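Good morning, everyone, and thank you for making time for this.

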Amino acid sequence: MAKHRPNKAPGQRLLRVGEELRHALAAIFERETFRDPALVGVRLTVTEVRPSPDLRHARVYVVPLGGGDMASVLEGLKRVKPFLRREVANRVQIKFIPDLIFSADTTFDEA
């Protein structure tokens, strides 16, 4: 039985899956136009994807290019989440497509 280590760094598989998901989402955001009013004309950058150890959830960090109202963008992403999961399922070959949890990436503001 594996011991629980909360401060343990993510393994190679988690990092690889996170990068695959990031590339898939970046391609979707680059090519798709969304009908959601909060996402019309907004260009998004996916800076990082952190999957959970069981790969059932993934936190997606996004930044709108050129700034903008991040709260409305996150609400719009929450509304189009089923579409995004379906598109990611078509592009990434893993057993379970994780539930996507969108968050604002504030590392650029802190830098």
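This is a predicted model: local features need pLDDT of at least 70, side-chain atom pairs count only at pLDDT 80 or more; totals for chains, interfaces and linings use all residues.

Let me begin with the pairing of strand 2 and strand 3, which run parallel and are joined by six bridges.

How much of strand 2 is buried? Six of its eight residues are, so strand 2 is largely enclosed by the rest of the structure.

Let me now turn to helix 2, which covers residues 70-79, and in which Met 70, Val 73, Gly 76 and Leu 77 are buried. Looking down the axis of helix 2, you would see these buried residues fall within an arc of 120°, so they line one face of the helix. On the face turned away from that buried side, helix 2 carries the exposed residues Ala 71 and Lys 78. And what do the buried residues of helix 2 pack against? Their partners are helix 1 (12-31), helix 3 (81-91), and the strands 1 (44-51), 2 (57-64) and 3 (99-104).

Glu 75 itself has a relative accessible area of 40%, and is partly exposed.

That brings me to the other salt bridges, of which the structure has six by the rule applied here. One of them links Asp 99 and Lys 81, with the closest N and O atoms 3.5 Å apart. Asp 99 lies in strand 3 and Lys 81 in helix 3, so this pair ties together parts that are 18 residues apart in sequence. Is Lys 81 buried or exposed? With a relative accessible area of 19%, Lys 81 is buried, the cut-off for that class being under 20%, whereas Asp 99, at 26%, counts as partly exposed.

A further salt bridge is formed by Arg 50 and Glu 48, and there the closest N and O atoms are 2.9 Å apart. Arg 50 is partly exposed, with a relative accessible area of 46%, and Glu 48 counts as partly exposed as well, at 32%.

Next, the aromatic side chains, where the structure holds two aromatic pairs. Phe 29 and Phe 34 form an edge-to-face pair, 6.0 Å centre to centre, with 65° between the planes. Phe 34 also forms an edge-to-face pair with Phe 83, at 6.1 Å centre to centre and with 85° between the planes. Since Phe 34 lies in the loop between helix 1 and strand 1, and Phe 83 in helix 3, this pair ties together parts that are 49 residues apart in sequence. Taken as a group, Phe 29, Phe 34 and Phe 83 form one aromatic cluster. As for accessibility, Phe 29 counts as buried at 6%, Phe 34 counts as buried at 13%, and Phe 83, at 24%, counts as partly exposed.

I will finish with two arginines. Arg 56 lies over the face of Phe 96, at 3.6 Å from the ring centre. Arg 43 has its place in the loop between helix 1 and strand 1, and at 47% relative accessibility it counts as partly exposed. Leaving aside residues up to four places away in sequence, Arg 43 touches Phe 29, Glu 30, Val 63, Pro 64 and Leu 65. With Leu 65, which is 22 residues away along the chain, the C-alpha separation from Arg 43 is 5.5 Å.

Thank you, and I am happy to take questions.

Conventions: Residues are numbered from 1 along each chain as its sequence is written. Side-chain values use heavy atoms; hydrogens and water are left out. Buried means under 20% relative accessible area, exposed over 50%, partly exposed in between (1.4 Å probe, protein chains only). Helices (H or I, at least four residues) and strands (E, at least two) are DSSP runs, numbered from the N terminus. The arc is that of the directions from the helix axis to the C-beta atoms. Contact means heavy atoms within 4.5 Å. Two strands pair if DSSP finds at least two bridges between them. Rings of Phe, Tyr and Trp (its six-membered ring) pair if their centres lie within 6.5 Å; planes under 30 degrees apart count as stacked, over 60 as edge-to-face and the rest as tilted. A charge sits over a ring if NZ of Lys or CZ of Arg is within 6 Å of the ring centre and within 35 degrees of the ring normal. A salt bridge is a side-chain nitrogen of Lys or Arg within 4 Å of a carboxyl oxygen of Asp or Glu.
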